Amino acid sequence: MTSINEQPIPAARPVIGEDEIEAAVRVLRSGRVVQGPEVAAFEEGFSRLVDGRHCVAVNSGTSALHLLLLALGIGPGDEVIVPSFSFAASANAVRLVGADAVFADIEPGSFGLDPAAVEAAITPRTAAIMPVHLYGHPAAMDRLMPIAHKHGLAVVEDACQAHAAALNGTPVGAFGSGGTFSFYPTKNMHSLEGGMVSTADAELARTLRLLRNQGMEQRYANEIVGANMRMTDVSAAVGRVQLGKLEGWTEQRRANAAYLDAHISAPAVTTPPVAEGARHIYHQYTVRIRGDRDAAMAKLTEAGIGNAVYYPTPIHRLKPYWEPDQKAGHTWDLPETEKAAAEVVSLPVHPSLTQGDLERIVTAVNALGENL
């Protein structure tokens, strides 16, 4: 039970400091508030995180996924292979362009797409693979990219939770046809709200810029059908401040995770493994709990330790996907996905944690013991 003098430790804590407030006020006072110089500067700065790729800022991570699929020409009649163990936005973006989401199982360690399952899911209609770098751990890009090249498929990286994660020295967002990032307030860095697309293809980047701005590069000279998915300069200014702090925050997250790895010893709890060559940036510190997960979470909450399940219902079991599949008589065989959804719990790992917070987390988790 939480002591009277102990405040609950939140599972996540968005940072909005004086630097961010001053940046936002500066832009508001300038009068240039929509897709102006701050957006361009944010794109240039973020490019350094993705090996110098072209970057196109938009208004959300979902918009980034949506526009990248559109820019790649993916639409009705196409299939995109996605993990079901992810936030719904991954598959929603596929549906929004009129394509079909084909769900493949995950690897139990990284929670990313299982390359063998991906290869087995490829059909003549497959147009793209969408690896999700879930919780900040890179997917198995070293094994997924050869499969994509072999079959001539686009690779759309959902890196919305993985800013500055890397595999064998290559940052996520720099492997595929394009990468997508989210700047929602609970992410490792944010812009109040926003997203980014990265790509090595200059023509694809130009198409993305047209799509985000009603199909225009010059005012009223519409070249294609587009939408309004622009980022504001206020968001970009906040994002630029956060980008400057990202590396320090990331190292603090990694240090916090290392402490938890070293000190959590409850037999019922498995700490998150890290693949060889992977730089995990711990958007979430996600453990597996064997036994009664609800009881474990209740005990953690009683001890004042924030915790959450991401994601309790795999996408293929959500109503917009489950009901059409049932009507079509289609079922998905995703045993690792189902197991992960039943076992995962995310614990606080954010950079605002103190040493005392970390010790409290460890004490509460270890008190779970083995009889859940």
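Leaving aside its neighbours within four places in sequence, which residues is Y285 in contact with?

**View 1. Contacts of Y285 in the predicted model.** Once neighbours within four places in sequence are set aside, Y285 is in contact with A257, L260, D261, I264, T271, P272, V345, S346, L347 and V349.

**View 2. The largest nonpolar core of the chain.** This core holds 36 residues, and F85, Y285 and L347 touch the most other members. Two or more residues come from each of helix 8 (233–263), strand 12 (285–289), helix 9 (293–302), helix 11 (335–343), strand 13 (344–347) and helix 12 (355–366). With five residues, helix 12 gives the most to this core.

**View 3. Another nonpolar core, apart from the largest one.** It has 32 residues, including V58, V94, A154 and L211. In soluble globular proteins, nonpolar side chains tend to be buried together.

**View 4. The fold of the chain, with twelve helices and 13 strands.** The radius of gyration is 21 Å, close to the 21 Å given by the globule rule for 372 residues, so the chain is as compact as a globular protein of that length. The C-alpha trace spans about 65 × 55 × 35 Å along its principal axes. Among contacts with a separation of 6 or more, 71% join residues 24 or more positions apart.

**View 5. Burial, surface and charge in the chain.** Of the 372 residues, 55% are buried. The accessible surface is about 15600 Å², and carbon and sulfur atoms account for 52% of this surface. There are 30 positive and 41 negative side chains, and the centres of these two sets lie 5 Å apart.

Key: Residues numbered from 1 in each chain as written. Predicted model: local features only at pLDDT ≥ 70, side-chain atom pairs only at ≥ 80, totals over all residues. Heavy atoms only, no water. Core = buried A, V, L, I, M, F, W, Y, C linked by side-chain atoms within 4.5 Å. Buried < 20%, exposed > 50% of the residue type's maximum accessible area, 1.4 Å probe, protein only. Helix = DSSP H or I, 4+ residues; strand = E, 2+ residues; numbered from the N terminus. Contact = heavy atoms within 4.5 Å. Rg over C-alpha atoms; globule rule 2.2 N^0.38 Å. Areas by Shrake-Rupley, 256 points an atom, 1.4 Å probe, with all protein chains shown as cover. Lys, Arg positive; Asp, Glu negative; His and termini not counted. Charge placed at Lys NZ, Arg CZ, Asp CG, Glu CD.
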